[in-house]
Amino acid sequence: MAVSGISPNYYSTNNNYSYNGYSSLNSTSWKDNAEAEADKLKETLGIDTDKKTDSTSSSDKTSSTSTSNKTATTASNASGFLRGYQTALESLESSSQKLQMTEKNNVFSKLDEVMNKAANGLATDEDVKKAQDEVVSAVQDFVKDYNYAVDYLKQNVEHGSGVSNQLEALQRGIPNEKTLAAVGMSVDKNGRLQVDEDKLREAMEKDPEEVKWLIGGQYGMADRVGNKATSSLDTSVDKILGSDAPEAEEIKKATSNSTTYGSAKKQSTMSDSFQQFASFAKSGAYNLSNYYAVSMLNILV
């Protein structure tokens with residue numbers, strides 16, 4: 001995701017970047033100090049310093065629901081929920097893009113290319129099968145990421161009415177039962193996607209164009225869901241949580257604060273990690289796309 005909405009307030013004049021007293025002077029210790037502060041921030045935010053894709057910290061986990069390969073957690077505070085939701089959306093956005101025909105190197109375009117080569121004797125049946133395997137794998141990844149996002153939102157509806165709205169909007173991206181059946185898919189009683197690999201492969205053999213357009217074409221499943229993930233990442237956090245969110249007042253206070261990241265005052269009703277988020281949200285980088293990226297830029301640029 002591109003980093004947008006970064007306020008000039010994050011940068012000091014004369015190109016001297018600062019964070020808690022560190023500046024981009026010609027000091028041999030500056031980089032080490034900045035990296036140390038970055039690791040401390042990651043630790044506070046519950047992000048494994050060796051695994052950037054780690055989601056909520058153990059302190060945010062109070063219960064869980066099992067999914068295929070992931071576990072949807074219940075966050076103990078708004079900050080934990082937002083971190084987890086950002087991770088879920090970024091994974092869903094990525095897996096959707098692999099299926100979207102408008103995206104470079106999507107699996108359907110690769111399959112088309114191999115099939116055209118095979119028709120002209122330039123590729124083997126084994127090549128075609130490998131390309132089909134990539135489609136199946138991409139669909140399975142998409143289903144896992146979609147189900148995780150749905151489970152995660154269901155687990156965290158207590159964080160505000162906006163969470164339920166996010167869930168409903170995400171589920172609207174899934175087509176009706178008849179359309180799903182045409183590509184070997186269905187939705188169970190819990191609203192989770194299911195994919196029958198044999199039926200998906202059968203559909204690709206029977207009518208690959210239909211499968212391609214229903215899943216990866218414009219307004220296809222991956223297009224609708226992926227666009228929803230992208231738009232949610234660019235949605236203001238107060239809208240994601242809703243005006244009735246338990247920490248709504250703290251969000252408003254934090255975003256009206258005119259202090260800098262390093263000197264923002266902590267409020268007793270807010271967790272450390274949520275304060276770290278809120279203290280830079282005031283600049284306008286007030287969405288999930290920039291939740292982690294902007295704060296890290298302030299340290300590492």
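Let's start with Tyr148. Tyr148 is buried, at a relative accessible area of 7%; buried means under 20%, exposed over 50%, partly exposed in between, with a 1.4 Å probe and protein chains only. A word on the source: this is a predicted model, where local features need pLDDT of at least 70, side-chain atom pairs count only at pLDDT 80 or more, and totals for chains, interfaces and linings use all residues. Residues are numbered from 1 along each chain as its sequence is written, and side-chain values use heavy atoms, leaving out hydrogens and water.

Now the rings. Phe, Tyr and Trp rings (six-membered ring for Trp) pair if their centres lie within 6.5 Å; planes under 30 degrees apart are stacked, over 60 edge-to-face, the rest tilted. That rule gives three aromatic pairs. Phe81 and Tyr152 are stacked, 5.7 Å centre to centre, with 5 degrees between the planes. Phe81 sits in helix H2 and Tyr152 in helix H4, so this pair ties together parts 71 residues apart in sequence. Helices here are DSSP runs of H or I, at least four residues, numbered from the N terminus. Tyr152 is buried at 0%. Tyr148 and Tyr152 also stack, with centres 6.0 Å apart and planes at 25 degrees. They are four residues apart in H4, about one helical turn. Phe81, Tyr85, Tyr148 and Tyr152 make one aromatic cluster.

Next, the core. A nonpolar core joins buried Ala, Val, Leu, Ile, Met, Phe, Trp, Tyr and Cys residues through side-chain atoms within 4.5 Å. In the largest one, with 52 residues, Phe81, Leu99, Phe142 and Leu193 touch the most other members. H4 gives the most, 14 residues.

Terms used. Helix = DSSP H or I, 4+ residues; strand = E, 2+ residues; numbered from the N terminus.
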